[in-house]
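I want to see what each one is doing, then look at the packing.

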Amino acid sequence: MKLLILVTVLGISLAQHDPHTRHGRTAIVHLFEWRWADIAAECERYLAPNGYAGVQISPPNEHIIVTNPWRPWWERYQPISYNLCSRSGSESELRDMITRCNNVGVNIYVDAVINHMCGSGGGSGTHSSCGSWFNAGNREFPSVPYSGADFNDGKCKTGSGEIENYGDANQVRDCRLVGLLDLALGNEYVRGKVVDYMNKLIDMGVAGFRVDACKHMWPGDLSAVFGRLHNLNSNWFSGSARPFIFQEVIDLGGEPITAKEYVHLGRVTEFKYGAKLGTIFRKWNNEKLYYTSNWGEGWGMMADGNALVFVDNHDNQRGHGAGGASILTFKDARLYKMAVGYMLAHPYGVARVMSSFSWSSEVSSKSSRYNDQGPPSNGDGSTKPVPINADQTCGDGWVCEHRWRQIKNMAIFRNVVNGQPHSNWWDNQSNQVAFGRGNRGFIVFNNDDWNLDATLNTGLPGGTYCDVISGQKEGSGCTGKQINVGSDGRAHFSISNSAEDPFIAIHVEAKL
């Protein structure tokens, strides 16, 4: 009997590593702070036609409203209840979005905030996205309901009740993270409320969860919660499909809590990936691109089957989280496109593309924390729609990196080469590298201060290919560069070090 239980639990946890992507799609995009109505439209008009696999959405639960000096992005990470009304829209709009995205084969992954409620200094009243009353000082959240007994205050052993030492695993998991009221996930009652919330979303049709702040929760408590989650909705997924779980665990080394403690429960966010890739493309510390011939596990990262990878996320693009100044973002557009292109071409991990809104780099008269700015908003604090320009870019402060031609075309590249091995590596022992994916695709980078001029073995069938970075295949022609591959699979590549996009990518579906 014990063996049967162990096999069952192991089977469930392994199933939680599978993103259940459909139609040969592979890359997830984080539409950070988008309204549900805009995500529904984007699934239909852009994500599905261009092969994106899924969307990570912002937390859909009721959250605190902070208006001094403005409404920051982080209010979404301060729950008041599990009611499904947020600054992205109502429960009915959320349900409509999930249905419409599923109907075109684009999965929805919910950012689940289950470690805590709002900050202890959140006051009391009805300043929340659904208008529910709460009292943070008394730890009263009647819309759940939670009361003082449902928090870890008695379990935390620091004088302040805050995490004071990240070298103490007990503090990290039992005390308050930057003042956020820490839920007692070890209590059966709290677990039940969290499970009910997540199961409601699963029944609505979501494919899984990005689970926030997992480092601050005990793996055993998470296991108890995840084990009680429903199978995915059989209207869109196979009857036995388990929700995809990817857990936020910041592990750059040097702390007692490691990603390894969580990988049996689902995938884990590999923060080393973007931090190291940023250092390499910036050429800091004498790092060189050719060092990445064994990229992934060879660089001390977790096993491929456990990793969720990204160049930047909503935290560290603002200097929070992990990676510091090495993190590349849309503000470093030239290097950023190369780094995202590298990620999407490389087979390691499940890849997530960031889609941002802009914020001022100048110190605002309203706040010295300019990077706290929330999404583009109207005068009443409501989030603005995402307007689409004639050239397919976004307007009104929405950056939409997932719509940049180079990134969109590399998401398609990833689909075309899916399942093919990393192959035909070439480098100049500096910052010019190339690699293929079996006989399906090939990519070349020049991040040196001089031109690249080389004839390389692509592994591809002979013919003329459209470069999907400078343009793409349209009809019987290319809008950008053409690459001629000989019958021996070899092709000549020339990339100027001053090119706006100093890389070239070709694949079999871009062959004339």
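This is a predicted model: local features need pLDDT of at least 70, side-chain atom pairs count only at pLDDT 80 or more; totals for chains, interfaces and linings use all residues.

I started with C118, which is buried at a relative accessible area of 0% (buried is under 20%, exposed over 50%, partly exposed in between, with a 1.4 Å probe and protein chains only). C118 is in no disulfide, and the nearest cysteine sulfur, that of C130, sits 14 Å away; a disulfide here is a pair of cysteine sulfur atoms within 2.5 Å.

Residues are numbered from 1 along each chain as its sequence is written, and side-chain values use heavy atoms, leaving out hydrogens and water.

Next I checked C214. Its sulfur is 18 Å from the closest cysteine sulfur, in C175, so that is too far for a bond. C214 is also buried, at 0% relative accessibility.

I looked up C85 and C130: they are joined, S to S 1.6 Å. The S-S torsion is about 115°, so this disulfide is right-handed. C130 is partly exposed, with a relative accessible area of 29%.

Then C466 and C478, with sulfur atoms 1.9 Å apart. Their torsion is about -85°, so this disulfide is left-handed. Both cysteines, C466 and C478, are buried.

Last, C43 to C101: S to S is 2.1 Å, and the torsion of about 90° makes it right-handed. C43 and C101 are both buried.
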